[in-house]
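This report covers aromatic pairs, charges over rings and disulfides. The sequence and the structure come first.

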Amino acid sequence: MLLSVLLLLVVVSGAQTAYYGIVYTYSAGDIQQDALPTLNSFKLSFSSCEELDFWLCEGNCSVLDLYAIDESRGEWCQKEYIVNIPDTILTILDAAADYLLHSANWTENRNGIVSLATAPLIDLRNRSDINKPNSSPQTTILPLLRVPSNCQRNITLLVSDPDGDTIRCRYAASPECETCTPPSVLSVSPSCTLSFGPTNSSDEGPYAVQLVIEDFPRQTITLTNSSGSQEEKTSSDVISKIPVQFVFGVDPAAPSCTEGLYLPRFLPPTPQNGAQISSNVNQILEISISAEATQAVITELLFSGPRNVAKSSSGSGNFTLTWTPSAGDEGLSHTFCFVVQA
């Protein structure tokens, strides 16, 4: 049977909302006596934290596992809504399930996307290769990415898969979005690289980006449900898909595209893009970040990552992200995405 408890996210009217995006992921534990502990994560972004709280829980979020991630005041707020379903409630799904999430209005954008719509695909049947249910690709992103209109930029999304599957990215298509017009100024590759080329000032402004990330097994596997029914998946078959939506802002031209002048550049000891850092449960992890822009003033660090991350600044473009993994994070991979603004 399909259990709606996994698939339901209650929302209220979005008539006055200014939606900035979502990143949905899920991860599954080991099957225990026909029961399945599952963690669902919704990173939601709106133009303010108050607006997000009203949309999600009508202003009273005390009954939800809702965590603040980060905020760029006057632009966006990102929070994470955790649905941790106990193994005593959720039994193994008998088939893949998808659902629609809607009822919010996008912030103003150049490609005419008005209403939020997503259609994640969840498959929690037991996999023959790892003898446990599937987990979706894991990733995160800032609600707003900004580039100068005159500067070439390639942005590689940080995406990983707990099961070792092949990951592919693409733009959403109906019914994964209500209006599915991709940004004319941005392309996405199957390997999850976003490419932006210099454009005219007439193209400046915000664009709504609606991506879908899918996982494919590297070899033929068998998915088995609680009644013993099986389905084969080849390396060409999608197992799950997750929505990644955000705003892409094309800003006025910069005096120079050389990083380190007007546009910040990272300096050591900042981790390299794609670096993997090991951490231990209940031990503090510190990520040191340094940046410079000799012809501009560095104003702030903005990030997206796991819940309960703290950020601090020691001035002169130096920042620290601090996080203490809990017992619930053991064995999991988390993605940190950060930018420095000048």
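Which residues do ring pairs link into a cluster? Tyr19, Phe46, Trp55 and Trp106 are the residues joined in this way. The model is a predicted one, and the values below are computed from it.

## Aromatic pairs

A total of 9 aromatic pairs is found in the structure. One of them lies between Phe46 and Trp55, whose ring centres are 5.0 Å apart. The planes of these two rings meet at 40°, so the pair counts as tilted, because only planes under 30 degrees apart count as stacked and those over 60 as edge-to-face. Phe46 has a relative accessible area of 0% and is buried. Trp55 is buried too, with a relative accessibility of 0%. Both residues belong to the cluster named above, together with Tyr19 and Trp106.

Trp323 and Phe336 make an edge-to-face pair, with 5.9 Å from centre to centre and 70° between the planes. Trp323 is part of strand S25, which spans residues 318–323, while Phe336 is in the loop between S25 and strand S26 (337–341). The pair therefore ties together parts that are 13 residues apart in sequence. Trp323 and Phe336 are both buried.

## Charges over rings

For Arg168 the ring is that of Phe216, and the charged end is 4.2 Å from the ring centre. For Arg307 the ring is that of Tyr67, at 5.2 Å from the centre.

## Disulfides: number and pattern

How many disulfides does a search of the whole structure find? The search gives 5. With bonded cysteines counted along the protein chain, the pattern of the links is 1-4, 2-3, 5-10, 6-9, 7-8.

## Disulfides: individual links

The sulfur atoms of Cys57 and Cys61 are 1.9 Å apart, and the two residues form a disulfide. Cys57 and Cys61 are both buried.

Cys151 is joined to Cys257 by a disulfide with an S to S distance of 2.0 Å. The angle about the S-S bond is -90°, and this link is left-handed. Cys151 is located in the loop between strand S11 (144–148) and strand S12 (153–156). Cys257 is located in the loop between strand S20 (240–251) and strand S21 (265–267), so the link ties together parts that are 106 residues apart in sequence. What is the relative accessible area of Cys151? The value is 0%, and Cys151 is buried. Cys257, in contrast, has a relative accessibility of 29% and counts as partly exposed, because that class runs between the limits of 20% for buried and 50% for exposed.

Cys177 and Cys180 form another disulfide, with 2.0 Å between the sulfur atoms. This link is right-handed, with 115° about the S-S bond. Cys177 counts as buried at 3% relative accessibility, whereas Cys180 counts as partly exposed at 25%.

## A further cysteine

Is Cys337 buried or exposed? Its relative accessible area is 18%. Cys337 is therefore buried, because the class holds residues under 20% relative accessible area.

Key: Residues are numbered from 1 along each chain as its sequence is written. This is a predicted model: local features need pLDDT of at least 70, side-chain atom pairs count only at pLDDT 80 or more; totals for chains, interfaces and linings use all residues. Side-chain values use heavy atoms; hydrogens and water are left out. Rings of Phe, Tyr and Trp (its six-membered ring) pair if their centres lie within 6.5 Å; planes under 30 degrees apart count as stacked, over 60 as edge-to-face and the rest as tilted. Buried means under 20% relative accessible area, exposed over 50%, partly exposed in between (1.4 Å probe, protein chains only). Helices (H or I, at least four residues) and strands (E, at least two) are DSSP runs, numbered from the N terminus. A charge sits over a ring if NZ of Lys or CZ of Arg is within 6 Å of the ring centre and within 35 degrees of the ring normal. A disulfide is a pair of cysteine sulfur atoms within 2.5 Å.
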